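This report describes selected local and interchain features of the structure shown below. Please keep the sequence and the model at hand while reading.

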2 protein chains.
Amino acid sequence: MQNIHLDFDNVMAERIGEEHGITRAELGDIRERAAKCFQNLVKERSGGLLPFLDLPYDKHTTARVSEVANDVKKRDFSDFVVLGIGGSALGNIALHMALNGPLYNELSEVRKGCPRIHIIDTIDPDIFNGLLRLINLEKTVFNVISKSGTTVETVAQFLIVRDLLRKKLGNGYGKNLIATTDPVDGALRRIAGEDNYTTLDIPEGVGGRFSVLTPVGLLSAAVSGIDIEAALAGAASMDRLCQSDDIRQNPALMNAVLQCISYNKGKQISVMMPYSSRLKGVAEWYCQLWAESLGKKLSVDGEVVHCGPTPVRALGPTDQHSQLQLYMEGPFDKVITFLIVGRFESSIKIPSDVPDKNLAHLSGHSLEELMEAERLGTQAALTENGRPNCTIYLPEISAFHIGQLLYLFELQTALAGKLFGINPFDQPGVEAGKLNANALLGKKGLEGRKKELEQFYGRRHDCKEGEENVI
Amino acid sequence: MQNIHLDFDNVMAERIGEEHGITRAELGDIRERAAKCFQNLVKERSGGLLPFLDLPYDKHTTARVSEVANDVKKRDFSDFVVLGIGGSALGNIALHMALNGPLYNELSEVRKGCPRIHIIDTIDPDIFNGLLRLINLEKTVFNVISKSGTTVETVAQFLIVRDLLRKKLGNGYGKNLIATTDPVDGALRRIAGEDNYTTLDIPEGVGGRFSVLTPVGLLSAAVSGIDIEAALAGAASMDRLCQSDDIRQNPALMNAVLQCISYNKGKQISVMMPYSSRLKGVAEWYCQLWAESLGKKLSVDGEVVHCGPTPVRALGPTDQHSQLQLYMEGPFDKVITFLIVGRFESSIKIPSDVPDKNLAHLSGHSLEELMEAERLGTQAALTENGRPNCTIYLPEISAFHIGQLLYLFELQTALAGKLFGINPFDQPGVEAGKLNANALLGKKGLEGRKKELEQFYGRRHDCKEGEENVI
């Protein structure tokens, strides 16, 4: 089996010059520190502090997920709805888009008897209403995912669905609900117990954005026929490929190092640009992982650092017609990662009868060849313009290789956290916004904050035609 | 009719401090220059140099688009496919997502007899194959959009579709094709003439990313029942609201000024964050407009400037669980624009029977109220953390208000170009990549370049398990 791999020639100074490229000397300088970071990670891992790294070997969970998935399939549901947000949705979306492909929900022959999959990661009432109009409640199973059981968006979705199901199905409504949550604590766990939902455990110590290989990401995958064992085998194989503390023999460590050096050379934006629409979800998932893990005010020593690269999702070749002008000519503030695939599922030929001589060179090529020519052409142009870029190559979009890719990014993120000297596993910055929202909704004890917020920010938007419309 | 408007309190120093906020003095300093920029634009406009600004008044085009749209509707097509990329797709997507909503393609009762809409802005063979499996060729009309008629992705799509249609329908195949292209020149115009396609003209002097209010963006809108006259009326009304050279009375000029000052204070990233999933397409459209217009190597005086803010599309409240941690605690390199709506189409209440006391404050609120509390809570938290943000308020997602919004952004972009001292209407940086791709595809006269590219960049990806996988 071919592995995914990393090609970083085009971030090196030999290719793009010393001002923006990384020199061999810079790599040499960081090698020892990188090795230490990796050794520390290994130590923490063997001390049980990084359980997400051991998920590929958790046979017990895989068996449990498969059991629940088989039960769902047996009961002949037409629709499977994930209610979750952030890390409780993005992994599902990544796997679903990549491995089920664009026609899964549309064509029953593609689904092969599996239910349609809907991942509702917002509380936008137009989207939620759309879902409710599309499905038949009785034939739908809802997978509510929240570690704490108190994620306000997910809980709101859950309460609405619970109410509708109870009205429709009476006391047995719990058969249409599966709760993926903390093994012991939280509101969702308690209600699930009382009302007899099927439940799945989110393993202790695994944060939301590192949870794709837990029941959080695996259940919707298994229900839709994705080979989750192959995905886990891919992740395990990437683990094996990343055992060395030598950057030259550890792609996760090497890519973490390249991204960190680039950031410190002023490349504060990290573009993830797949040349396959199926990998758009993987890119979105990466954007959460990278942003939420590395965007931190404080270093592990308590120093104020305000660190963090900004991930941006682009898509080839579409964004050649949208973002490329900026990437080619704008500030030297980006490092671009191309995510490319060796083989598409479909192959389509451009006919050889081309009715214009200016287009004759397209004759007889396939769309895949055109994609590849555009990708290589873009990459060469960027490189020759001094713009650092690297490439991650997937032989094909299979469960095994997606498993490899996700594990590579997770490990790379943990290592980048060490290189940046921050804690990649917390998210203290989101608490203030949550507290504000709870205050505005009338949570007890926050009345003073509510008043303050309304006074300062609660602007009325009522300008009429003719009135001043800059306020 | 209420107008959309701009609230910029939270980018000002009074709110977020002098280090990251804009002071009244800074606004005062730039006022005169901003006024001059606007006066120059007015002069160029009356000299006929900026025809995109006069599109809202082009009754002739509107009538022609409506005529073609009515003809499509009469002929009872089941599917309408846009083949285009970049500016020839993003405007269509923006209008379609915002105004037709998430259920349009799924439910015939929402479509009210109009055809399904597919906008294929990629040559990914899996996506293209998906399209072909979904539609019935005979009942499908394809709108090929390319100004030059030589956009390689669009032409490739077109050649494949043309071949399939000819095989299926014989000589009359042209009835299933509509070409939107240059009025006179180009391969597409020529073929369309020979084979009797319906054609629509892209007005002279209007670049792709400013073409949403031409037949490029309007036809798929009209075919799907969007009130294009209301959209144009909205655009015209925004034009009227932006007649002053005083920043305090011209929201486009004011927002251009705020973005430019912020950029010069180190906020090189411009986040566009709608709190409505329907506005995701508008945000993507904005990202092209802003990036491709302002990302430039040279100033209008020929000086090397490498200027250009990087636009990033986020989505509330989903990205509170993905990007917010970075926005709150990371580098002070962002200015955020919230795009909010006063009224959603649907309204959904959270039931008052909430089975956990920690969630009691959700009881009886609607999802819309929850969205608004989260938005305001997030905005307040960002503001109190010194993070500049402003808000564009839409009373509702109607054709009129979307027309206002698109025109506001187009005008703002042209004015920002003047403030940055660059030409916002060209895109010289994308040519090198196109030439490379053509060389790789075997275009005559580029044989030397092809060899060079293959030698330097054409790396073989064939690592096997066990071999080194960092190359």
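In which strand of chain A is the place of His306(A)? His306(A) belongs to strand 9, residues 304-307, of chain A. The model is a predicted one, and the values in this report are computed from it.

Most residues other than glycine have a negative phi, and most peptide bonds are trans. His306(A) is not a glycine, yet it has a positive phi of about 40 degrees. His306(A) counts as partly exposed because 13 C-beta neighbours lie inside 10 Å. Lys112(A), also not a glycine, has a positive phi of about 50 degrees. Lys112(A) is located in the loop between helix 5 (108-111) and strand 3 of chain A, and with 9 C-beta neighbours inside 10 Å it counts as exposed.

Pro317(A) sits in the loop that runs between strand 10 (310-313) and helix 13 (324-329) of chain A.

## Helix 7 of chain A and its surroundings

Helix 7 of chain A covers residues 152-169, a total of 18 residues. From its first C-alpha to its last, helix 7 reaches 25 Å, close to the 26 Å expected at 1.5 Å a residue. Just after this helix, Gly170(A) takes a positive phi of about 70 degrees.

The buried residues of helix 7 include Val152(A), Val155(A), Phe158(A), Leu159(A), Arg162(A) and Leu165(A). Also among them are Glu153(A), Thr154(A) and Gln157(A). The cover over these buried residues includes, from chain A, strand 2 (79-83), strand 3 (116-120), helix 6 (125-134), strand 4 (140-145) and helix 16 (431-440). Helix 14 (367-384) of chain B is also part of that cover.

## Val82(A) in strand 2

Val82(A) lies in strand 2 of chain A. Is Val82(A) buried or exposed? The residue has 28 other C-beta atoms within 10 Å, and it is therefore buried, the cut-off being 20 or more.

Leaving aside residues up to four places away in sequence, Val82(A) touches Ala89(A), Asn92(A), Ile119(A), Ile120(A), Asn143(A), Ile145(A) and Ser220(A). Ala314(A) is 232 residues from Val82(A) along the chain, and the two C-alpha atoms are separated by 26 Å.

## The contact between the chains

The contact between chains takes 128 residues from chain B and 127 residues from chain A. On the side of chain B that touches chain A, helix 14 gives the most, with 12 residues. The residues of that side divide into 60 nonpolar, 43 polar and 25 charged.

How do helix 16 of chain A and helix 14 of chain B pack, and at what angle? Their axes are 7 Å apart and the angle is about 135 degrees, so the two helices are oblique to each other. Helix 16 of chain A passes helix 14 of chain B in a right-handed crossing. Helix 16 contributes Ala432(A), Gly433(A), Asn436(A), Ala437(A) and Leu440(A) to the contact. Helix 14 contributes Ala373(B), Glu374(B), Leu376(B), Gly377(B), Thr378(B), Ala380(B) and Ala381(B). The contact residues comprise seven nonpolar, four polar and one charged.

Within chain B, the axes of helix 12 (residues 280-294) and helix 15 (residues 399-420) come within 10 Å and cross at roughly 20 degrees. These two helices are therefore roughly parallel to each other, and helix 12 passes helix 15 in a right-handed crossing. From helix 12, Val282(B), Tyr286(B), Leu289(B), Trp290(B), Ser293(B) and Leu294(B) take part. They meet residues of helix 15 including Leu405(B), Phe409(B), Glu410(B), Thr413(B) and Phe420(B). The residues of this contact divide into nine nonpolar, three polar and one charged.

Asp54(B) lies in the loop between helix 2 (24-46) and helix 3 (59-74) of chain B. Asp54(B) counts as partly exposed because it has 16 C-beta neighbours inside 10 Å. Asp54(B) and Gly28(B) are 26 residues apart in sequence, and their C-alpha atoms are 30 Å apart in space.

Definitions and conventions
Residues are numbered from 1 along each chain as its sequence is written. Chains are lettered from A and ligands numbered from 1 in the order in which they are written. This is a predicted model: local features need pLDDT of at least 70, side-chain atom pairs count only at pLDDT 80 or more; totals for chains, interfaces and linings use all residues. Helices (H or I, at least four residues) and strands (E, at least two) are DSSP runs, numbered from the N terminus. The expected span of a helix is 1.5 Å times one less than its number of residues. A residue is buried if 20 or more other C-beta atoms lie within 10 Å of its own, exposed if 12 or fewer, and partly exposed in between; C-beta atoms are placed from the backbone. Two residues are in contact if their C-beta atoms, placed from the backbone, lie within 7 Å. Axes are lines fitted to C-alpha atoms, for helices over the stretch in contact, and angles run from 0 to 180 degrees between N-to-C directions. Angles under 35 degrees count as roughly parallel, over 145 as roughly antiparallel, 65 to 115 as roughly perpendicular and the rest as oblique. A crossing is left-handed if the near helix is turned anticlockwise from the far one by less than a right angle, and right-handed if clockwise. Ala, Val, Leu, Ile, Met, Phe, Trp, Tyr, Cys and Pro count as nonpolar, Asp, Glu, Lys and Arg as charged, and the others, Gly among them, as polar.
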